Amino acid sequence: MINPITNLILFLSFSISVLLSHKPVLLALHCMCFLSLLFFKKKYWRIWFKQTKPFWKIFPVAGVIFFLTSLLFSNQTLYSIIYDVIMATIRLILMVSIMSLYFVKNKGIDIVRSLRSIWYKIGLEWKWVEGLLLFISIVLRFFPNYQDEWKKLERSQKSLYRGKENTFIEKTKMIAHFIPDYIILNLEKSEALAHVIKMRGFGASYPRSVYPLVPFTFIDFILIIIVSFIFYFLHVYKTL
């Protein structure tokens, strides 16, 4: 199993490579690679489609705006504008699809655990790095819970405001009304969380150990080198 950091590098490199692909043959090659990847990830199709579905309404609108802007403010021919719009839209669709597939398959907390494992292996006693990794870990772990609580509180407040005009000003007033309650509710949780972190020994020694330790293996190095070589070969030498 490859390291989550390596996996992130692979997907980011793929997306950046799509962004730098300005020739139809090269872009078609990336499309085929993505379709092959999507074929091998059949179990994620439903979630992937659900996450990318809102973007399918945005892509045509973005293409039309790009076309009209280029038509009004550029000196390019109509054929050149249409060509650029089609290429840009395909690149945008591919980038969103690739990174959506990554986020469907991977969790942010795995990246943090991998970073902590590498940092533990390095052995440097930098407190600010430990604090930063802890902050990112807490945000990724507790943000969904806070988001759910916010939605519940919003629904309860909406029920109290039922019957009033649903305008922007009314919505702003409603949000301003229940933000203080939401902050006070979570202040108590923050104090409890800080106490738990302190009781678990944060600050007693650096670097902190991590479990399970995620190794960065020789295979990860080989994959990164291969991807870097392919990226350099395609976009520096421009062989296609």
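**Helix packing around helix 5**

Helix 4 and helix 5 cross in a right-handed manner (a crossing is right-handed if the near helix is turned clockwise from the far one by less than a right angle, and left-handed if anticlockwise). The model is predicted: local features need pLDDT of at least 70, side-chain atom pairs count only at pLDDT 80 or more, and totals for chains, interfaces and linings use all residues. Residues are numbered from 1 along each chain as its sequence is written, and side-chain values use heavy atoms, without hydrogens and water.

**Helix 4 with helix 5**
- Helix 4 spans residues 55-73 and helix 5 spans residues 78-105 (helices are DSSP runs of H or I, at least four residues, numbered from the N terminus).
- They pack at an angle of about 155°, with axes 10 Å apart (axes are lines fitted to C-alpha atoms over the stretch in contact, and angles run from 0 to 180 degrees between N-to-C directions).
- Helix 4 and helix 5 are therefore roughly antiparallel (over 145 degrees).

**Helix 1 with helix 5**
- The axes of helix 1 (residues 4-19) and helix 5 come within 8 Å and cross at roughly 170°.
- Helix 1 is therefore roughly antiparallel to helix 5.

**Confidence**
- The protein averages a pLDDT of 77 (the predictor's confidence in each residue, from 0 to 100).
- Mean confidence is highest in helix 2, at 88, and lowest in helix 8, at 70.

Definitions and conventions. Helix = DSSP H or I, 4+ residues; strand = E, 2+ residues; numbered from the N terminus. Parallel < 35°, antiparallel > 145°, perpendicular 65-115°, else oblique.
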